[in-house]
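Trainee: I am new to this structure and would like a close look at one part. Could you walk me through a single residue and then what surrounds it?

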There are 2 protein chains.
Amino acid sequence: MPTLSKETPRRGLDPAKVIDSALLLADTEGLAAVTLRRLAQSHQVTPMSLYRHFADKSDLLNAIADKLLADIDLPEPTGERWDRQLRAVMAAFVDALRPHPNVAGLTLTRILVAESGLVMAERTMELLIEGGFEPEYAAEVGRQAICSLIVLVTTEPGAGEDPEPEIREQSLRMKRATLGALDPKRYPLITSAADTLVCPTSTDRYYTLGIDLIVAGIRGVRQDPDA
Amino acid sequence: MPTLSKETPRRGLDPAKVIDSALLLADTEGLAAVTLRRLAQSHQVTPMSLYRHFADKSDLLNAIADKLLADIDLPEPTGERWDRQLRAVMAAFVDALRPHPNVAGLTLTRILVAESGLVMAERTMELLIEGGFEPEYAAEVGRQAICSLIVLVTTEPGAGEDPEPEIREQSLRMKRATLGALDPKRYPLITSAADTLVCPTSTDRYYTLGIDLIVAGIRGVRQDPDA
DNA sequence: ACAGTAGGTCTACGGTGTAGACTTGTCAAC
DNA sequence: GTTGACAAGTCTACACCGTAGACCTACTGT
């Protein structure tokens, strides 16, 4: 029997676990908190050890993005109309990103690389073509739609704010005050809608509206590419 | 006559010029190249000098964003339909950001702070309300629309790539190759549209389509907020 | 003439990503 | 069994970052 107390203490660094803790760290303290040193420390290991498993930091970040994309739970094709199905695909995408607004932006460059990103992209184009788009046009529209969805998540009201609820609430109050203090003669609409602008009514509504807007846009540019 | 050889060598650091060179630097070498040390060096000054004019780095970055926003050349109100006017406003916004895709994202947090951002936001809400939106709804829709426009610019095909044309071209070729090398059985649409996905036909078309998509979306969600 | 101050400098600190040479446990092949 | 190869982790060091705090110093208003 060889020398291994519990599954080879030598290989104590599971890349998957590193990614997990990196994601957790980003979720709780923001992307800037994800540091090789900090990550190494939390795994009781030297910073340089990480380089045995990741080419460099961006490689690790890409791995996080790929993990997010892998969480997409794409709905099975149904007999519904193309636009309803498209909406479902988009909702699935957003659902995968929503829990991690701080890192959602990382997926921008990985969609056409990661497996599940490719599957979603292919499916999206499929539905667009079924909806009557030319393949070229479908590619451009799909690209933009997916980008918009990502941004929907990264700019979710309150994303990027401090994680401490008190500081965050303080910051929001400050913004509202600043906006409310503007001259109502010059900015009547902004001042009166200050609350909504700073932080929309409900997060669910926010996402529903966001997706609706995109789907409606796609439907709208369908027949006449030259509007 | 006091001692000034040429306009007080003591005050050799014009904040406006610092912002200008920061913007230039970001445009040519990417946002990451904008460094206090580098900026100071290019103005023959110590890094700490910058702190006499900017509270910290983020303050300087905000100043860049404000400058971009100040470049917006908002069209005068006309008698046209609300949606056509809205389109013109959006086009003006995009025109201001387009020359600086690397820093366009900085404007996200400054629109409701900078003068010209506020003016544009107010005007946007005005038009939306003229189009029949409730004020609250207009705020949410407007917010999302403006975010989408910004992202349209930051994700412009080839943005964030290396500035050297050769490296950049190389990178694009690589991506196209990777995409084209996928299994056509699994990803028939992606592989056949690889070229368009990597880099859309024309930049102008790209922006036209992007704006069309957003305007069409707004038009589409107008009457039925609960679709 | 003098105090105040705005603008720029110097030094230093703690943080970052990462290159390169080194150690060491593990396993395969002779 | 012994011996190598090798994968995984370590150590040291470097260049760079933003910025705090004390300092100088030339100008300005009184």
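Mentor: Glu140(B) counts as buried, at 6% relative accessibility, where buried means under 20% relative accessible area, exposed over 50% and partly exposed in between (1.4 Å probe, protein chains only). This is a predicted model, in which local features need pLDDT of at least 70, side-chain atom pairs count only at pLDDT 80 or more, and totals for chains, interfaces and linings use all residues. Residues are numbered from 1 along each chain as its sequence is written, chains are lettered from A and ligands numbered from 1 in the order in which they are written, and side-chain values use heavy atoms, with hydrogens and water left out.

You will find Glu140(B) in helix H6 (residues 135-154) of chain B; helices (H or I, at least four residues) and strands (E, at least two) are DSSP runs, numbered from the N terminus. Now look across to chain A. Setting aside neighbours within four places in sequence, Glu140(B) is in contact with Thr196(A), Pro200(A), Thr201(A), Arg205(A), Tyr206(A) and Leu209(A), contact meaning heavy atoms within 4.5 Å. With one of these, Thr201(A), the side chain of Glu140(B) makes a polar contact, side chain to side chain, at 3.1 Å. A polar contact is a pair of N or O atoms within 3.5 Å; within protein, one must be able to donate a hydrogen and the other to accept it, and residues adjacent in sequence count only if both atoms are side-chain atoms.

How do the two chains relate? The same surface serves both copies, as 100% of the contact residues of chain A recur in chain B.

For a contrast with the buried Glu140(B), turn to Gln44(A), which is exposed, with a relative accessible area of 74%. Gln44(A) lies in the loop between helix H2 (36-42) and H3 of chain A, and has a positive phi of about 55° although it is not a glycine. Most residues other than glycine have a negative phi. In chain B, Gln44(B) also has a positive phi, near 55°, and counts as exposed at 73% relative accessibility.
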